[in-house]
Amino acid sequence: MNCFQRAWRSLCRKPMKSALLFCVVLVISLLLLCGFSARTATIAANDSTRQAVGASFLLETNAENRAQRLAAASAKIGEREGTADGVHQEKRMVNGQEMWQTWTDNSFETLQREDIEKLAQTAGLADYTITTAPEAVKPVGFSRIEDAGADQSGDAGGVALFGERQMRLNTNVSAGILTLAEGRWITPSDNHACVISQALAEKNALDLGDDISFASLDGKGSTEEATIVGIFREAQPLTPYMSGDTYRAENVIFCDLDLPEQVSGEGALYERAIFSVADVDNYDSVKAALLQTDIDWSRYDLIDNNGNLETLAANFGSLAQTSDGMIAACCGCGLAMLLFVLAFFVRTRRRELGILCAFGVRKRALWLQLLSEALIVSVLALALSFAAAPLVSDGIGSALAQFSIEQESLAAKAETGKVATDYVAPEMMLTQIETSLSPRVLALDAAVTGALVGSAVSLALAWTLRRKPQELLNTVR
């Protein structure tokens, strides 16, 4: 009778012990499959999410250059009242004292639209938007939302108009802070169109297609009418641009790019521009091409969101680390469990092993017999784990992802208060994770499980097979 025949008969003779080994291998295999599949899903999610989030560049005014231009304009005016390059200077009485007052107009503060349009022609960009600074205007024919208990004496008493070229690229929209309740966002082809808050629409019984009007607060501009093309809601609280009910989220109205200028009667005040990259894989080359555009770069800061993409990748990277930790823990604990079970088997079969040794059976054959027993059980356990893995891998993968997100959230909270900022990061919520049980994952699981079983068999037999047959025969069960 060869070692394989003895292995099979031994398994049939002791079904309870075989069932125990079967359960241990099944659990180990399932956990390894979940770890491996979650790790491969992590890499896929990283790439696909990166494409979904996209990449963009933000163009803003350079603060240092602004200060230099302001100083140059003031020097041009000199010690007198006057105006130069959008900077105004005059003497005014303040608390009975004559003081110089300096202020700027929109022509000084605005981004240059011709520069933005030059940048927008860069190859590799998908689209762009321009956002105006908020323009406080008077609502005509409708009422704004106010805090009944607040002192309104210091407030402008209006609503805030934000001009937008392509509103879907607005940071609050792309980040999911603002979502559509009805209608659509502002597009480049719109003229005298607006998107209002759901609260403002409900207060004034406004609906899509209705017209609302705005007038300038100082009476210098004109009264303009706009058609409601969309109604937005806040998925997360929108941080007010500045204090006062004029700028509270419910009173913010997004409109086409030219409407604020028409209402105010002043020049345009473009506060920022966002350029969307068509393919994130070309992010660096698009940035290099943007910087080669022939404009006065000293006026601007070009801010990329590469840091956001790296943070996103880091979040998924921590999930990969969590998966690796699970795999390592599973291997360590699995080896310990297998060693405990197989050591117990060997201990109860010392006399059997002693008899076989006395009949001249080589120790290598005994090792091969026990290894065959363990592998037969392992093959059956692996087959069942392969069949059951799709039912549990998604659940465990989601649990690992949620654990990773919670760790990121705890780390972020630990940093709270270290930097002075009004920004509150949105809560990360796991919606779905898909795991992949590819042939490579199945093969890797089988290889690791087999290696663990082989190592456990060798370690369990190591001490026992060093003894002489007589010592084994004298061992009492």
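Modeller: Let us begin with a definition: buried means under 20% relative accessible area, exposed means over 50%, and partly exposed lies in between, with a 1.4 Å probe and protein chains only. This is a predicted model, in which local features need pLDDT of at least 70 and side-chain atom pairs count only at pLDDT 80 or more, while totals for chains, interfaces and linings use all residues. Residues are numbered from 1 along each chain as its sequence is written, and side-chain values use heavy atoms, with hydrogens and water left out.

Biologist: Is cysteine 23 buried, partly exposed or exposed?

Modeller: The relative accessibility of cysteine 23 is 43%.

Biologist: How many disulfides does a search of the whole structure find?

Modeller: A disulfide is a pair of cysteine sulfur atoms within 2.5 Å. For cysteine 330, the nearest cysteine sulfur belongs to cysteine 331 and is 5.9 Å away, so cysteine 330 is in no disulfide. Over the whole structure, the number of disulfides found is 0.

Biologist: Which residue meets glutamate 60 in a salt bridge?

Modeller: A salt bridge is a side-chain nitrogen of Lys or Arg within 4 Å of a carboxyl oxygen of Asp or Glu. Glutamate 60 has its partner at 3.1 Å, N to O, and that partner is arginine 272.

Biologist: Are aspartate 85 and lysine 76 buried or exposed?

Modeller: Their side chains meet in a salt bridge with an N to O distance of 2.8 Å. Both aspartate 85 and lysine 76 are exposed.
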